[in-house]
Amino acid sequence: MPSVNTRTETARDGAGLADRLRTARGQQYWRCLEELAGGPAFEEFLRREYPDQEAEWSNPITRRQFLVLMGASLALAGFTGCTRPPAETIIPYIRQPERLTPGRPLFFATAMPLGGFSTGLLVRSNEGRPTKVEGNRDHPASLGATDVFAQASILGLYDPDRAQSVTRLGRIATWEDAVHALQGALDQQRGKKGAGLRILTEAVASPSLRTQLRDLLRAYPAARWHEYEPVGREAVREGTRLAYGTDLHVFYNFAEADVVLSLDADFLASGPGHLRYTREFTDRRRVRGDQLRMNRLYVVESTVTQTGAAADHRLPLRPRDVERFARAVAGRLSVAGLSPGERTFGGWNLDELAADLRDHRGRSLVVAGDGQPAVVHALAHGMNQALGNLGRTVVVTDPIEADLIEGGAEPAPGSLADLVQEMRVGTVEALLILGGNPVYTAPADAGFSDALFQISRKSGSLTAHLSLHDNETTRLCQWLLPETHYLEAWSDGRAYDGTAAIQQPLIAPLYGGRSAHEVVGILTNGLERPGHEIVKDYWRRYFERRVRSGDFEAFWRRALHDGVVAGTRLQPRTGMTLRTDWASRPPAPATEGFDVVFRPDPTIHDGRFANNGWLQELPKPLTKLTWDNAVLLSPATADRLGLHYEMGKDGGRPGWRGGERGEVIAPVVRVHFRGPPVDAPAWVTPGHPDETITLHLGYGRERAGHVGTGTGFNFYALRTADAPWSGGGATLERTGREYTLAGTQQHYLMENRNLMRAAPLEHYRSHRDFATAGEHVHEHPAEAEKTIPERQSDLQEQTKGSRLPLSLFPDYNYDPPQYRWGMAIDLTVCTGCSACVVACQAENNIPVVGKTEVTRGREMHWLRIDRYYEVDRRDPAALRNPRAYFQPVPCMQCENAPCELPCPVEATSHSHDGLNDMVYNRCVGTRYCSNNCPYKVRRFNFLQYADYATESLRLGYNPDVTVRSRGVMEKCTYCVQRIRRADIEVAKRALEPGTPDLRQPVRELQTACQQACPAHAIVFGDINDRTSEVRKMKDEPRNYGLLADLNTRPRTTYLAALRNPNPRLETA
Amino acid sequence: MPQIYHRAFNTISKVSIFGAVFIIAGLGWVAWVVARSSYVTNVDNARLQPVPFSHEHHVRGLGIDCRYCHTSVETSSFAGIPPTKTCMNCHSQIWVGSSMLEPVRESYRTGQPIPWQRVHRVADFVFFDHSIHVQKGFGCSTCHGRVDHMPLMWQRGTLLMEWCLECHRDPAQNVRPRDEVFNMEWEPPADQADKGRALVRAYGIRSLTSCSTCHR
């Protein structure tokens, strides 16, 4: 295998992409590199709307056999429609629970833990079945929004692959057996004060579980508790130790920040508080009317993130250069102990950057990423202190692990490395692993799985894994204890700012699982206590010690109802002095070869969501890959390595195959980095730093379940303890093999007819109409205002002397009292997080189709997010760092809907409030509507995608929405089930005595995508209501319709994207 | 070459060719009639229930209001089927020894619900809401008929879409004053056309016939 890590390869390749780009006929905004370069192959490709495989008849059945079978099935199946309706029974309650009205959902506040922090949620319960997760408006980390993980957690609850029974050495056992075994092991340990007892947890979000563990350690003083979180935040903590000499917790207040500098921090998409940060950050760049102020975001990053895509200025850097950059900026900001180094960095004039930050003293913010070394965090602390941001945009508090009742610090749990050390020595006799999957996620050089295997084999030992799934770790443990999902168990957790929330179960454990609280309870005193008592007792102690006024029951009920425990926010610490001794530490030495960046996967995180079909099929925000991860590298690096990634070269491969919605054939590369090499496909990512590769963790699971096993590639195998987030010295090698990826970035191309519109804020000041200037739009705002009689008289005027009407479409009347639903999406603030896509999937029972079907362009998402890159074609270097934009595309609900005309059975038609209704029970599957839709938002059930059979999945369906079967077209309905329900509720309220007007505005109505959106980018409402937010957005001058010149009169419109660049940053 | 077909085929082929129009029309008519027959729609088909509960006795005989059992009819899409507890409110005091009521007592004792046979079955893709119809002045008897005359429950309307649309296209023909909704004896007055129009205005009733009103 020849190494391609040499420069000579470039010559063989001929012209690089930059050269082709100079002569490109492509466009300014593009989704994939092929589109940018243009060319005849691309045009040919576009013409084939459906993939090649469509025509392939791969079944061994001949045509004649097919006709015979079809004839017979038609003759027989045709009559099944003539049966009488089946008899059904109605099963009432024996005693109906209070407050429960059949047919009306209830909402309960709870909280979801992830990575040691919890987010407040409001979960919908239909007759006792949780069916949809929403954010809790009163919770500081949510503010009503959710992320993809929370949205998809409903599917995780009903996952049929969950561990359903206690097993011992793979054989089914009972909880009694397990409790007996645990108690036996404890009896042995009691004499030794627990010297052989070890507990391994993930990062624990729950203060009550922490207290329980501490009590356990008091009872067994020689026992130890270890914590391991694969996507942990050790660097953040170590950064505060460097900067302030003590463990502290840091969070940010973006609401006060005018200028933000991110040092490889993806604060909009990951980490604690990212929903809150997104809301605060986007609130400061929501341009409305004459309010023309925007904050400014500078991002330097070593990979591609959504935060980088939202930036006004973005600089891709190799990971080790981030520290150099931070030092240079800190030097210019006169942070003590640092000297001003380089004045320009990657084309940025650091004097201008520093000046911009200094001009906003106390209103600026420097954020360091969780994956950056501690010294970068210390540098960020230094800069924030120099800029006077401490206490304003940066809040430093006591550690979040500090005890809520007693206060003060508590001994930190041990690390995984310590545990492995002890396991090797042989002191560990009983190991209880609470949650997580350390065998899969542990660093490759830790040797955890070998050590665990040895202990499990030893006679007289006990290893047990409390887990949601029978996974890689369970396989090496003696006992599998099924864990409760967070929607099944009592617990609590603390948000990014310390606010505590009670985690309230929505449903009894489906498979008799137990929570960590209950298992630790058994360990502590051998008694089985329900988690409810344990958690409530903790909060009773808290109440008695810290609140002390009023009645505990009232306090408890208030906390459950609101979803937050009042008064638990961490208080800012002041009066800390910055140390400077770290500043002189030498930076990491430069290494040969590629730099490697490890990041959690954007949709399946550290691998724990690998068996969640919604998250697997969700296109990753930037790469638009589904069902796989890949080696991300930049176009220039790919060019240098001779990785052909454009169609039309070498016979069209690697590249796309199968037409507009086809699959992507990617070259497989071998990655060598501190251990056995891993082969994985390469994915060329515009904007990625050169000579660097990004590896997303979480794939390549061996025991994930039916959905997740065998998808993607396991990059944990390359991750070592000394380089958890990045490292240098990797080599890449071409293998000559190919791999099929299910990328959706080229699916549903609308051939770039001025779809994405964007401008700098300065340009907008002088050109308010830039988004629609020169566009031939048929409907003037004034026209839309006209009443129906006015329009009719206009029409009569126009058609005088002609016997034919001007339009095929009837002039529908939407004047009040009808509602006129519409949507506006602000492209300035959309961060592409994709929570809306999963929310839509959960609300509307949208099926998962699987990788093969995605490669045929058959993904069913009603709402897709198109990611566009923008380059200035006059600047060949621009491809290194294109600006990125996100455009969510739901159904446009056109007033003149092209889809409605061709339907032979009127299965899609206009409703009284202007929606394009889709009637599944009428649809015969001609697909003419999809053919006629210029926005490509209709989805067809080519096969039976919806799962009617799996019992547990049926519980999770939204009962207000039909579960579609094969052969039926479907599409976004603006969540019509919510509209109708809200309409009914408002109409009922209007009939109550004393209500003056029968027509009331519908205010509480939100579509699922709107409700989930942390950036508040999607706004839905009644356009007839002049005071509604959506109407105000549509009156903005930068409001534009997609393909509006086709006279489809879309109801969904967009506010053109604005960016706020610093005009002086790139001056010398 | 001998004759393959019998002579009668001359007539048969003539009749079938020239009669095709009528035969197809006839088949269509049969299909139309069968689809609307009570064999398919179940109209007037009294269902046997685990307990022979008589609406006639409880509604007409005892004068119990509809909402005593169907509690959520004014607030929810689902009118509600009474839990066993509701039956036992009275039947723990009266008819306590009746063998007919044994399934009710058994349900209360064992915690196993009574499996009532559904009488009005609307297709799964239809989302009907009781509360808005009741609130806007459409009485129980308009769709369910004289329940107070039904010893066992049967279905009065066909529940076909045309049956729904008949009223959705012209709600004035069936609307009644809101305080008459639960009155089983209410009959449209002679001037229902005028009165109905006035009520439609007063209650803000819209004639909703777009698909997503019921299909989602």
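Reader: What ipTM does the predictor give the complex?
Author: This is a predicted model. Chain B averages a pLDDT of 92, and 100% of the residues in chain B score at least 70. For the complex, the predictor gives a pTM of 0.90 and an ipTM of 0.91.

Reader: How many salt bridges are there over all chains?
Author: Side chains of opposite charge can pair when their charged atoms come close. The cut-off used here is 4 Å between the side-chain nitrogen and the carboxyl oxygen. By this rule the count over all chains is 87.

Reader: How many residues apart are Glu488(A) and Arg162(A), which meet in a salt bridge?
Author: The N to O distance in this salt bridge is 2.9 Å. Glu488(A) sits in the loop between strand 20 (479-482) and strand 21 (491-494) of chain A, and Arg162(A) in the loop between helix 6 (148-157) and strand 6 (167-168). Both residues are buried. The pair links distant parts of the chain, and the separation is 326 residues.

Reader: Is Arg640(A) buried or exposed?
Author: Arg640(A) forms a salt bridge with Glu691(A), with the closest N and O atoms 2.7 Å apart. Arg640(A) belongs to helix 23 (residues 635-641), while Glu691(A) is in the loop between strand 28 (678-684) and strand 29 (692-697) of chain A. The limit for burial is under 20% relative accessible area. Because its relative accessible area is 7%, Arg640(A) counts as buried.

Reader: With which residues is His1016(A) in contact, leaving aside its neighbours within four places in sequence?
Author: His1016(A) is found in the loop between helix 32 (1008-1012) and strand 39 (1018-1022) of chain A. At a relative accessible area of 18%, His1016(A) is buried. With those neighbours left aside, His1016(A) is in contact with Arg279(A), Arg286(A) and Glu1029(A).

Technical notes:
Residues are numbered from 1 along each chain as its sequence is written. Chains are lettered from A and ligands numbered from 1 in the order in which they are written. This is a predicted model: local features need pLDDT of at least 70, side-chain atom pairs count only at pLDDT 80 or more; totals for chains, interfaces and linings use all residues. Side-chain values use heavy atoms; hydrogens and water are left out. Helices (H or I, at least four residues) and strands (E, at least two) are DSSP runs, numbered from the N terminus. Buried means under 20% relative accessible area, exposed over 50%, partly exposed in between (1.4 Å probe, protein chains only). pLDDT is the predictor's confidence in each residue, from 0 to 100. Contact means heavy atoms within 4.5 Å.
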